[in-house]
Amino acid sequence: MNLELALRMCEAAIKQAAREGAQVSVAVVDSGGHLVTFQRMEGAEIAGPVLAPGKAYTSVANRMSTADLAPLTQPGGELYGLAGDRFVCFGGGIPLWADYGEGERVVGGVGVSGGTVAQDVACAEAAASVWRTR
């Protein structure tokens, strides 16, 4: 993960947000969940600077999208109680994968917050597509 690529990913998410009619915050993190870049659209919700990096971090830490993680954290789910602290367990976070040696590894993540869950997921997918086609 490098800054140039992370900025292009943010740009893709923001363009998708404009198409969706949403104002979002976007965060890209590295393989350790550390922030590489963050952008917030004018008018985006005040929780975005916490939730977007949290979604990105959560997707890296759990090696799965936060949309897929959400049902597992509900009462009765395998990971019930995970949500909280840095873990944000609803859609909008996507891990970024790269081949490494004999298997794949997570090399970063993207998190989007500010729209509906569906809008956040669509914006995160737009950013992730930049990663996949780099």
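A charge is taken to sit over a ring if NZ of Lys or CZ of Arg is within 6 Å of the ring centre and within 35 degrees of the ring normal. In this predicted model, the charged end of Arg86 sits over the ring of Tyr57, at 3.6 Å from the ring centre. A further case is Arg134, whose charged end is placed over the ring of Trp131, 3.8 Å from its centre.

**Around Tyr57**

Tyr57 and Phe87 have ring centres 5.7 Å apart and planes at 55°, so the pair is tilted. The pair links distant parts of the chain, with Tyr57 in helix H2 and Phe87 in the loop between H3 and strand E3 (93-100), 30 residues apart. Tyr57 counts as buried because its relative accessibility is 18%, under the 20% limit. Phe87, with a relative accessible area of 22%, is partly exposed.

**Helices H1 and H4**

Helix H1 (residues 3-20) and helix H4 (residues 117-132) have axes that come within 8 Å and cross at roughly 145°. The crossing of H1 past H4 is right-handed. On the H1 side the contact is made by Leu5, Arg8, Met9, Ala12, Ala13, Gln16, Ala17 and Glu20. The H4 side contributes Gln119, Ala122, Cys123, Ala126, Ala127, Val130 and Trp131.

Gln16, located in helix H1, touches Ala122, Cys123 and Ala126, leaving aside residues up to four places away in sequence. Gln16 is buried, with a relative accessible area of 15%.

**Loop residues**

The loop between helix H2 (48-62) and helix H3 (66-69) contains Ser65. Ser65 counts as buried, at 16% relative accessibility. The Ser65 side chain reaches the backbone nitrogen of Asp68 at 3.1 Å. Not counting residues up to four places away in sequence, Ser65 touches Gly93, Ile94 and Pro95.

Arg63 also has its place in the loop between H2 and H3. Most residues other than glycine have a negative phi. Arg63 has a positive phi, near 55°, and counts as exposed at 54% relative accessibility. Asp85, in the loop between H3 and E3, likewise has a positive phi near 55°. Asp85 is exposed, with a relative accessible area of 81%.

Ala47 lies in the loop between strand E2 (35-40) and H2. Its relative accessible area is 27%, which means that Ala47 is partly exposed. Ala47 and Ile14 are 33 residues apart along the chain, and their C-alpha atoms are separated by 17 Å.

The relative accessible areas of several of these residues are set out below.

| Residue | Relative accessible area | Class |
|---|---|---|
| Gln16 | 15% | buried |
| Ala47 | 27% | partly exposed |
| Tyr57 | 18% | buried |
| Arg63 | 54% | exposed |
| Ser65 | 16% | buried |
| Asp85 | 81% | exposed |
| Phe87 | 22% | partly exposed |

Definitions and conventions. Residues numbered from 1 in each chain as written. Predicted model: local features only at pLDDT ≥ 70, side-chain atom pairs only at ≥ 80, totals over all residues. Heavy atoms only, no water. Helix = DSSP H or I, 4+ residues; strand = E, 2+ residues; numbered from the N terminus. Buried < 20%, exposed > 50% of the residue type's maximum accessible area, 1.4 Å probe, protein only. Polar contact = N/O pair within 3.5 Å; in protein donor to acceptor, adjacent residues only side chain to side chain. Contact = heavy atoms within 4.5 Å. Phe/Tyr/Trp six-rings, centres within 6.5 Å; stacked < 30°, edge-to-face > 60°. Axes fitted to C-alpha atoms, helices over the stretch in contact; angles between N-to-C directions. Left-handed = near helix turned anticlockwise from the far one by under 90°.
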